[in-house]
Every structure is written in structure tokens, then in C-alpha cells.
Amino acid sequence: MQQHALVSGASIAGLSAAWWLTHAGWRVTVVERAPAFRDGGQNVDVRGVAKEVLDRMGLVESVRARNTTETGTVLVDADGSVRAELPDGGGDGATAELEVLRGDLAHVLLDALPSDVTVRYGETIAEVTDDGASVTVRTDAGTALVADLLVVAEGVRSSTRSLVFAEDEVEARDLGVAMVFGTIPREPSDDDRWRWYNAVEGRQVHLRPDPHGTTRAILACTNDDDLAALPRDGALARMRERYRGAGWQTERVLDGFDASDDVYVDQLTQIRMPRWARGRVWLVGDAAWCVTPMGGGGASLALTSGYVLAASLSTHDDTAAAATAFDEWMRPLVSDVQDIPKGIVRFAYPQTRLGLALRHVVDRAITLPVFAPVTARLTRVAETEQPLPPLRTTAQG
């Protein structure tokens, strides 16, 4: 009898898991709390072993065709003049070879799903029961779904995770940085580069091109409160006060966010867990190990996890053994990204004029050819010498 997997979350991790599980012979149902596919979002990239996963899916050119059009990364002063240009790292610099918007990458995966994958929008899992032989979920709409496996591919604040794992099993590590992402109107002065501005008091402003005729903007700053817990208007009001006098294009970004319907507020929080599976419930992506934009590589880890999950299940008859194999393969990659160097927040978000001047000195130094190998390592994530585990597909029997 064909096994049934229920996947909660229709973004990169969930759709990757659905694609690979289907090709490993599973029947798959995806549940997504949003009423429709969630388009939009900010830049993500495909790096390291995730490139091989994407290649095995036959989707490299589809993703490349949705490239953000970004050609490089520059650091700018308050008047917009370029003071440093980051090296491209052979396609793995701050701007990656496969640089794409989150929604565009997810859309490529969604379009590639086999026709027999069912996607149920507008439903949230409210109850989970694992009796050892199967797992039953009940949604907020009152629907009961029975499966052999539940894959929780939700966000950093996953509600389904809290139904299965105790609070002391989930370490939510606040990095002390708030970010607000949004889409704003493009102006003639915008170009095809990621423009990055640092101001004193731990404030950053970022502008990045997209392929849709608009501009993606980010405000990022040190912050000890949970900005994500505030309603949107309250968070934007807080940021307007926080960014008073920051300079460059701050006012343009704030005004653009006020009028935008694509604004996301986040308090950067890592998720660390000693295990990612309990019985027939598995966690992947941000619900399991959110690495945050500070670490980078979240999309690459999400994409890769879908393959490794399906591969582990396809080569182990016992769910517990498969979970162990999944953990042993994925954890080194996750730990490598999560282990952010001490002092990186203080360096990345200088508080004083002296700190900002020192940051400028370092920025200029890392752009010198002699430091190119060191700089390149800073943006290399999801790289491993482990070969991808074998996956038994239905075509292989």
C-alpha cells in the first residue's frame, strides 16, 4: 500500500519535501495556512550542495530564469556614493549565481510538483495524534487527515512544532537584531546592485533590485525587544522612531513600507533542537533549525533537507532509523551555519562613529585581492564533502 505523507507548509522546505517524497513513491498532501500561494518575499539563494539537489530536480534553468537581476554588492555612504564593492566570489559572493526571490523559488517548486500532489490552502494544524502506527491531524477547519508521516515545514515560530515538542526541547535564541523586509516602488536612481548602508546606533538600510519592476528594501538594526510580536503598524512606527536621522534613503524606505502590502517583520531568532523527529513527526527548514539571514543559507538548507528526508526514508524501513540518518547527514551543515562568530553583531551593527569608522576600514580591507580567499569563505554555506545519500525512486523500484 502506498504510504501517505502530510506536509505542513508550502514554501521551500515543504515543497522540496513534497517533490522528493513523491518521487520516492509516497502520496503527498500539503497543508498551507495562507489562503493562497504566498508570493513575494526577499532574496534567497541556492548555494553549495543545494545546487546539486536543484540539478537533480532538473530545475536549475527554471530558477536561473527567475534571477533577481542583481549583479553585485556595494557598500555606500550617506550620499549614496560607493565606498567598497564586495568580490563576486566566482558566483558565490554576497550576490550568488542563483539569486532569486523566496516566492519565485517556491513558485518554481510548486509548478514542478507532480499532478497527484494535493495542496490544501487556508488550513492550520490544530491537533496532532501519533499512535505509533499512523499520525492523525485535525485542522482548524475541523478536517481530520491520517498519514504515515507528518513533515512540519513551517516557519521559525511554528505552531505545529509546539503541539509535538515540549518548550524545553526548543531553544529559541534571539540574536538581538530586528529586520523589516518590504517591496517599494522602483526609482530611476536604483540600479542592478545590492546597495548596503550602515549608520551609527546599529542601523542598516538595504536596497536590492528584483525582476518585477520594483525594489526590495530591508531595514535591519540591533534591537532587544521582540519586534515581530507587534502589529505591523506598531512595528513600523517603532522603526520610524528608531531610524530618525539615519540618513541615505531611510525616509523613502519607511514611506514605501507604509504603502506596501508586502511587509514582513522579523526578530532574528535561531532555533536549536537536540532532535528533529519524534515518532512519525519530522521537522525541516526554519521550524527545525532557523539559521536567520545573519547566518545565511536558509533556503539552501531547506531545499537540501527535502531530498535528504526522502532519501533517508527510502533506504530505511524503520522510521526511527531514517530519522537518525537524516539527522547525521543534515546536522553538520546546520551547525556550520548556526555557529556565528562571537562579536559578529557588534561588528556588523556598529553603535558609535568610531565603531563605524573601524567597520569601514575592515570593509575596504576585505575587498583587496589578497583577502579574496578569506572573504569568499564568509559567503560559502551548505558546502559539504559528504556525497548526497542515495534515494530509491519509484522508477528504480
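Here are some exercises on this predicted model, each with a worked solution.

**Before you start**

Residues are numbered from 1 along each chain as its sequence is written. Because the model is predicted, local features need pLDDT of at least 70 and side-chain atom pairs count only at pLDDT 80 or more, while totals for chains, interfaces and linings use all residues; side-chain values use heavy atoms, with hydrogens and water left out.

**Exercise 1. Find the order of the strands in the sheet of 6 strands, and say which strands stand at its edges.**

Step 1. Two strands pair if DSSP finds at least two bridges between them.

Step 2. Now trace the sheet: it is open, its order is β7-β2-β1-β11-β18-β17, and its pairing is mixed.

Step 3. The edges are β7 (118-121) and β17 (277-278); each has a single partner strand, so one side of each is left without a neighbour in the sheet.

Step 4. β17 pairs with β18 (residues 281-283) in the antiparallel sense, over 2 bridges, and Ala277 stands opposite Trp282 in β18.

**Exercise 2. Work out which strands helix α1 and helix α11 lie across, and at what angles they run.**

Step 1. Contact means heavy atoms within 4.5 Å. Axes are lines fitted to C-alpha atoms, for helices over the stretch in contact, and angles run from 0 to 180 degrees between N-to-C directions.

Step 2. Helix α1 (residues 12-23) lies across β1 (4-8), β2 (27-32) and β11 (149-152), and runs at about 170 degrees to β2.

Step 3. Helix α11 (residues 319-338) lies across β17 and β18, at about 5 degrees to β18.

**Exercise 3. Describe the sheet of 7 strands and the helix α7 that lies across some of its strands.**

Step 1. This open sheet has mixed pairing and the order β5-β4-β13-β14-β15-β12-β16.

Step 2. At the edges stand β5 and β16 (263-272), each with a single partner strand, so one side of each has no neighbour in the sheet. From one strand to the next, the twist averages 25 degrees.

Step 3. Follow β12 (residues 171-185) to its two partners. With β15 (residues 214-222) it runs antiparallel, joined by 9 bridges, and Ile184 stands opposite Thr215 in β15. β12 and β16 also run antiparallel, joined by 9 bridges, and here Gly182 stands opposite Val263 in β16.

Step 4. Go to the β5 end. β4 (residues 72-76) and β5 (residues 82-86) pair in the antiparallel sense over 4 bridges, with Leu75 opposite Ala84 in β5. Their hairpin has 5 residues between the strands, and Gly80 takes a positive phi near 90 degrees.

**Exercise 4. Decide whether Leu333 is buried or exposed, and list its contacts beyond four places in sequence.**

Step 1. Buried means under 20% relative accessible area, exposed over 50%, and partly exposed in between (1.4 Å probe, protein chains only).

Step 2. Leu333 belongs to helix α11. Its relative accessible area is 4%, so Leu333 is buried.

Step 3. Leaving aside neighbours within four places in sequence, Leu333 is in contact with Val49, Leu301, Ala382, Thr384 and Gln386. Leu301 is 32 residues apart from Leu333 in sequence, yet their C-alpha atoms are 7.8 Å apart.

**Exercise 5. Say how much of helix α4 and of strand β16 is buried.**

Step 1. In helix α4 (residues 102-112), 8 of the 11 residues are buried, so the helix is largely enclosed by the rest of the structure. Among them are Arg102, Asp104 and Leu109.

Step 2. β16 is mostly covered, with 8 of its 10 residues buried.

**Exercise 6. Place Asp45 in the fold.**

Step 1. Asp45 lies in strand β3 (residues 43-45).

Step 2. With a relative accessible area of 12%, Asp45 is buried.

Step 3. Leaving aside neighbours within four places in sequence, Asp45 is in contact with Ala96, Leu98, Glu99, Ala299 and Ser300.
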